[in-house]
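My entries follow in the order I made them.

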Amino acid sequence: MRERCRRILADVLELGLRQEEFAIEDVLLTVTAIGGLGVQVAQWFGPGLDRTREQVAQQYVQFALRMVDAGS
């Protein structure tokens with residue numbers, strides 16, 4: 001399952017590069033960094049946090065878009 005998710009993300013990043021939507025230098029490292037965000041959130045997110053799932057997800061989307069330099 002993990003490898004399938006990594007492949008899907010890599011495919012999205014490669015497509016974004018081909019369509020000049022993303023500006024990244026290394027797909028593998030970018031997949032690893034974005035994937036790491038998802039793994040880490042499961043370790044600290046919980047009911048006692050003062051943010052909703054939606055708020056955290058939206059912020060993480062912004063982090064990922066910055067990593068791929070979307071819109072440059």
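This is a predicted model: local features need pLDDT of at least 70, side-chain atom pairs count only at pLDDT 80 or more; totals for chains, interfaces and linings use all residues.

**Aromatic residues**

Residues are numbered from 1 along each chain as its sequence is written, and side-chain values use heavy atoms, with hydrogens and water left out.

I then searched the whole structure for aromatic pairs and got three. Rings of Phe, Tyr and Trp (its six-membered ring) pair if their centres lie within 6.5 Å; planes under 30 degrees apart are stacked, over 60 edge-to-face, and the rest tilted. The ring centres of Trp44 and Phe45 are 6.1 Å apart and the planes stand at 75°, so I logged this pair as edge-to-face. Tyr60 and Phe63 make a tilted pair, at 5.4 Å centre to centre and 55° between the planes. Tyr60 and Phe63 are about one helical turn apart, because they are three residues apart in helix α3. Helices here are DSSP runs (H or I, at least four residues), numbered from the N terminus.

Trp44 is partly exposed at a relative accessible area of 40%, and Phe45 is partly exposed at 28%. I recorded Trp44, Phe45, Tyr60 and Phe63 as one aromatic cluster.

**Salt bridges**

How many salt bridges does the structure hold? I found three. A salt bridge requires a side-chain nitrogen of Lys or Arg within 4 Å of a carboxyl oxygen of Asp or Glu.

Asp11 bridges to Arg7, with the closest N and O atoms 2.8 Å apart. Asp11 and Arg7 are separated by about one helical turn, because they are four residues apart in helix α1. Arg7 also meets Glu14, at 3.2 Å from N to O. Asp11 is partly exposed at 38% relative accessibility, Arg7 is partly exposed at 39%, and Glu14 is partly exposed at 29%.

Arg51 forms a salt bridge with Asp50, at 2.9 Å from N to O. Arg51 sits in the loop between α2 (27-44) and α3 (53-67). I have Arg51 as partly exposed at 46% and Asp50 as exposed at 65%. Leaving out residues up to four places away in sequence, Arg51 touches Phe45 and Val56; contact means heavy atoms within 4.5 Å.

**Helix α1**

I went back to α1, which covers residues 2-18. Its 17 residues reach 24 Å from first C-alpha to last, close to the 24 Å expected at 1.5 Å a residue. The expected span is 1.5 Å times one less than the number of residues.

Which residues of α1 are buried? I listed Ala10, Leu13 and Gly16. They are on the same side of α1, because they cover an arc of only 120° around the axis. The arc is taken from the directions from the helix axis to the C-beta atoms. The buried residues of α1 pack against α2. On the face turned away from the buried side I found the exposed residues Arg4 and Arg18. Just after α1, Glu20 has a positive phi of about 60°.

Key
Helices (H or I, at least four residues) and strands (E, at least two) are DSSP runs, numbered from the N terminus. Buried means under 20% relative accessible area, exposed over 50%, partly exposed in between (1.4 Å probe, protein chains only).
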